[in-house]
Amino acid sequence: INKWTVSRYFKTLGGFWFWYVIYFVAMFLYNGYPKKLYFSSGIVRGLVYMVIDFLGLAELFGTPVLNGSWWYMSAAVVYIALMPLVVRWTKKWGWFSLFAAIVIIPRILFNSDFFGASNIFTFFFPVYFGALFAEFRVFERIESFVIVKNKKLNEILLFGFGVVIVLASI
């Protein structure tokens, strides 16, 4: 764990924690839902469930989630933890090896077509490519790429190329 990972974790979850506490108190006062959700299996287990959910890890560990639409917090935590490893792996073995691992390993381990699902692996593919694009400055390279010497025509051609790429991905 490096400084970036810890910093990014607290920056990402800081806002979540604020809303978690507000939602927890509101639901507790309204209908006692947190008590039913976390503590139906005992006090100790309930406290553990609550801490796991508060830390954004409930979906990862398969424990109760106070708000079902917060499943992505586990994904965010996993991405934050994995990104330094991903960057290192990519620099050492190349981007294709990690791409293969992202596409193949989850399908083998979880025996599912994870694209389109709502689990922590669903968005790892675009997050990884976002990190690759940032690391290798892809957009800066595209912006400075010269097809023709005429600046306006070059911009139009680059824009057209971008439109074709977007439409091809649909």
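**View 1. The largest nonpolar core.** Of its 18 residues, those touching the most other members are Tyr 9, Leu 13, Phe 16, Tyr 20, Tyr 38, Leu 66 and Trp 70. Two or more residues each come from α1, α2, α3 and α5, and α1 gives the most, with 6 residues. A nonpolar core is a set of buried Ala, Val, Leu, Ile, Met, Phe, Trp, Tyr and Cys residues joined through side-chain atoms within 4.5 Å; buried means under 20% relative accessible area (1.4 Å probe, protein chains only). The model is predicted, with pLDDT of at least 70 required for local features and 80 or more for side-chain atom pairs, while totals for chains, interfaces and linings use all residues. Residues are numbered from 1 along each chain as its sequence is written, and side-chain values use heavy atoms, without hydrogens and water.

**View 2. Helix α1, residues 3–31.** Helices are DSSP runs (H or I, at least four residues), numbered from the N terminus. The 29 residues of α1 reach 41 Å from first C-alpha to last, close to the expected 42 Å (1.5 Å times one less than the number of residues). At Leu 13, α1 bends by about 35 degrees, the angle between axes fitted to the seven residues ending there and the seven starting there. Just after α1, Gly 32 has a positive phi of about 70 degrees.

**View 3. Packing of α1.** Its buried residues, including Thr 5, Trp 17 and Met 27, pack against α2 (33–39), α3 (43–54) and α5 (72–93). Not counting residues up to four places away in sequence, Phe 16 touches Asp 53, Phe 54, Gly 56, Trp 70 and Met 73 (heavy atoms within 4.5 Å).

Note on methods: Buried < 20%, exposed > 50% of the residue type's maximum accessible area, 1.4 Å probe, protein only.
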